[in-house]
Every structure is written in C-alpha cells, then in structure tokens.
Amino acid sequence: MQITKNFTLPELTTTNTGIANQPDKEQIAALIKLCGKVLQPARDMYGAAISVNSGFRSYAVNKAVGGARNSQHMRGEAADITVHNKEQNKKLFELIRDNLISAGFM
Ligand SMILES: [Zn+2]
C-alpha cells in the first residue's frame with residue numbers, strides 16, 4: 001500500500017526481528033497521518049530519498065529491539081529516519097525541527 005508519494009506501508013512496518021508486525025486499523029491511520037504530516041513534507045523539503053529504519057512496531061517487536069515501554073512506535077506515531085551521511089542527517093533534523101515541529105504535530 002502506497003501511503004504518500006514516497007512512502008509505503010511495507011516500508012513503515014518492516015522489521016529484521018522476524019516477528020509479526022502488522023498494524024491494526026487505528027495504527028495504520030496513525031501511520032498515514034505521520035506520512036502525510038511529517039515524512040512526506042520532510043521528504044519534499046529535503047528533496048531526496050529518506051530511509052525509514054524503524055516505523056511501526058508491534059508490542060513484541062518493540063520489546064525485541066529494546067524500545068521504550070510506551071514507545072510511540074507501537075502506536076504508529078514515530079519513525080526513525082535517515083539519509084546518507086551525518087551532515088545531511090543534521091540538515092534533515094533541522095528542516096523537521098524548524099518547519100514541522102513548530103506546526104504542532106510532533
Ligand atoms: Zn524511534
């Protein structure tokens with residue numbers, strides 16, 4: 001399922017733990033909101049590919065990766081993202097901080 005122009009549901013639910021990681025309707029709705037309000041706008045501003053290292057995590061996946069007990073990843077409200085090099089990651093962080101966090105979503 002394509003969520004926005006550059007983000008797909010599989011990309012946000014992939015895990016290398018081998019554990020089932022299927023979001024329910026409510027969690028999918030949160031992922032759609034996350035892509036629409038944060039990830040896609042960030043991608044558009046940044047102007048190049050953004051990789052999702054970890055998006056949605058089921059309870060078991062979150063536990064397996066040592067996530068916080070009340071992690072927003074379990075609600076589909078968080079994604080750990082990265083671009084190719086550290087300097088660029090800083091630029092992406094600043095873009096999000098300066099343009100999207102102030103919009104009140106994060
Ligand atoms: Zn995270």
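This is a predicted model: local features need pLDDT of at least 70, side-chain atom pairs count only at pLDDT 80 or more; totals for chains, interfaces and linings use all residues.
Figure 1. The side chain of Arg 57 forms a salt bridge with that of Asp 80, with an N to O distance of 3.2 Å. The pair joins distant parts of the chain, 23 residues apart: Arg 57 belongs to the loop between strand 3 (51–54) and helix 3 (59–64), whereas Asp 80 lies in strand 4. Asp 80, at 33% relative accessibility, is classed as partly exposed.

**Figure 2. The zinc ion and its coordinating residues.** Two residues coordinate the zinc ion, His 73 through NE2 and Asp 80 through OD, at 2.0 to 2.1 Å. His 73 is buried, its relative accessible area being 7%. Asp 80, by contrast, is partly exposed at 33%. The side chain of Asp 80 also takes part in the salt bridge with Arg 57.

Figure 3. Four salt bridges are found in a search of the whole structure. One of them pairs Arg 75 with Glu 77, whose closest N and O atoms are 3.2 Å apart. Arg 75 is partly exposed, with a relative accessible area of 34%, and Glu 77 is likewise partly exposed, at 33%. In another, the side chains of Arg 97 and Asp 98 meet with an N to O distance of 2.9 Å.

**Figure 4. Length and N-terminal cap of helix 4.** Helix 4 comprises 14 residues (residues 86–99), which at 1.5 Å a residue should span 20 Å. The C-alpha atoms at its ends are 20 Å apart, in agreement with that expectation. At the N-terminal end, helix 4 is capped by Asn 85, a side-chain oxygen of which lies 3.1 Å from the backbone nitrogen of Glu 87.

Figure 5. Leu 92, Leu 95 and Ile 96 are the buried residues of helix 4. Viewed down the helix axis, these buried residues fall within an arc of 90°, so they line one face of the helix. Their covering includes helix 2 (25–46) and strand 4 (80–82). On the other side of helix 4, the exposed residues are Lys 86, Glu 87, Lys 90 and Phe 93.

Terms used
Residues are numbered from 1 along each chain as its sequence is written. Side-chain values use heavy atoms; hydrogens and water are left out. Helices (H or I, at least four residues) and strands (E, at least two) are DSSP runs, numbered from the N terminus. The expected span of a helix is 1.5 Å times one less than its number of residues. Buried means under 20% relative accessible area, exposed over 50%, partly exposed in between (1.4 Å probe, protein chains only). The arc is that of the directions from the helix axis to the C-beta atoms. Contact means heavy atoms within 4.5 Å. A polar contact is a pair of N or O atoms within 3.5 Å; within protein, one must be able to donate a hydrogen and the other to accept it, and residues adjacent in sequence count only if both atoms are side-chain atoms. Donors are N, O and S atoms within 2.8 Å of the metal (3.2 Å for Na, K and Ca); water is not among the atoms, so sites may look incomplete.
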